[in-house]
Amino acid sequence: MANHGPSYGLDAELKAKQDGKYDANLEREVIDWINALVPGSNLAPRAIHEPLKSGVVLCNLANKISPGIVRKINNGKMPFIQMENINAFLVACKQLGVPDTDLFMTVDLYEAKNMPQVIQTLHALGRHAQKVRGYSGPTIGVKLADANKREFTEQQLREGESCIPLQTAGSHGNATLLANLIQAAKLLKVQEEDSKIPYKLFDK
């Protein structure tokens, strides 16, 4: 991690929260993965900021997973050039399937504002690399489940539209049953009352 000297006030509070999110095992897994894929990365625990800050290693990492996904990698030292590299890497991550919720912001890395989130993004990329077509290199993290995609014919879709959902059908069915029971009870009551009326013979 980068060392910018002591922090005070709100910055100190934010730094404490970030340090609380730091996962040494996750970082170690990410470091080993990147060092294996991108020779010369030379990442080490608690010292990944400077090697990654320019964005060059990250762009090379993305191209190892999907060749050419980052078309231009800038080797300049100007801040805006390096941040452009970082942004290009983040765009590549999205294209490779990493969810927005797992992505860090450019300043999180460039200014070391949130290095635990940077590690989280890299770990997410290592997981989603499993699904990249044509990539057979090392990955990290748990195996992602395959999507259970189902195909339906037009006839099946039309039949599905005409079906009443079970919950709805159940409620209508219960209502119909209740109405029938009430009607039956009324008929029984009428019959019972009729049975109490004595029969009379009327003279013509």
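I count a contact when heavy atoms lie within 4.5 Å. With that cut-off, residues 24 or more positions apart account for 52% of the contacts in the protein with a separation of 6 or more.

Ground rules before I go on. This is a predicted model, so I note that local features need pLDDT of at least 70 and side-chain atom pairs count only at pLDDT 80 or more, while totals for chains, interfaces and linings use all residues. Residues are numbered from 1 along each chain as its sequence is written, and side-chain values use heavy atoms, with hydrogens and water left out.

**Overall fold.** I looked up the elements, taking helices (H or I, at least four residues) and strands (E, at least two) as DSSP runs numbered from the N terminus. For the surface I used Shrake-Rupley areas with a 1.4 Å probe, where only the protein chains shown count as cover for residues. The total accessible surface is about 14,200 Å², and 55% of that belongs to carbon and sulfur atoms. I call a residue buried under 20% relative accessible area, exposed over 50% and partly exposed in between (1.4 Å probe, protein chains only). Of the 204 residues, 30% count as buried.

**Cysteines.** How many disulfides are there? My rule is a pair of cysteine sulfur atoms within 2.5 Å, and the count comes to 0 disulfides. The sulfur of Cys-59 has its closest cysteine sulfur in Cys-93, 9.5 Å away, which is too far for a bond. Cys-93 is in no disulfide either. I also checked cover: Cys-59 is buried at 0% relative accessible area, and Cys-93 is buried at 1%.

**Helix α7.** This one covers residues 115–128, 14 residues in all. From first C-alpha to last, α7 reaches 20 Å, close to the 20 Å expected at 1.5 Å a residue; the expected span is 1.5 Å times one less than the number of residues. Is α7 mostly covered or mostly open? Mostly covered, with 12 of its 14 residues buried, among them Val-118, Ile-119, Leu-122 and Ala-124.

**Val-98.** I found Val-98 in the loop between α5 (79–95) and α6 (106–110). At 3% relative accessibility, Val-98 counts as buried. Leaving aside neighbours within four places in sequence, Val-98 is in contact with Cys-93, Leu-103, Ala-124, Leu-125 and His-128. Its C-alpha is 6.3 Å from that of Ala-124, 26 residues apart along the chain.

**Rings.** I pair rings of Phe, Tyr and Trp (its six-membered ring) if their centres lie within 6.5 Å; planes under 30 degrees apart count as stacked, over 60 as edge-to-face and the rest as tilted. The structure holds 1 aromatic pair. That pair is Phe-89 with Phe-104, stacked at 6.4 Å centre to centre and 25 degrees between the planes. Phe-89 is in helix α5 and Phe-104 in the loop between α5 and α6, 15 residues apart. Both are buried.

**Charges over rings.** I need NZ of Lys or CZ of Arg within 6 Å of the ring centre and within 35 degrees of the ring normal. Arg-46 lies over the face of Tyr-22, at 3.5 Å from the ring centre. Lys-53 lies over the face of Tyr-110, at 4.9 Å.

**Gln-82.** Gln-82 is in helix α5 and buried, at 8% relative accessible area. Not counting residues up to four places away in sequence, Gln-82 touches Lys-53, Ser-54, Gly-76, Lys-77 and Tyr-110.
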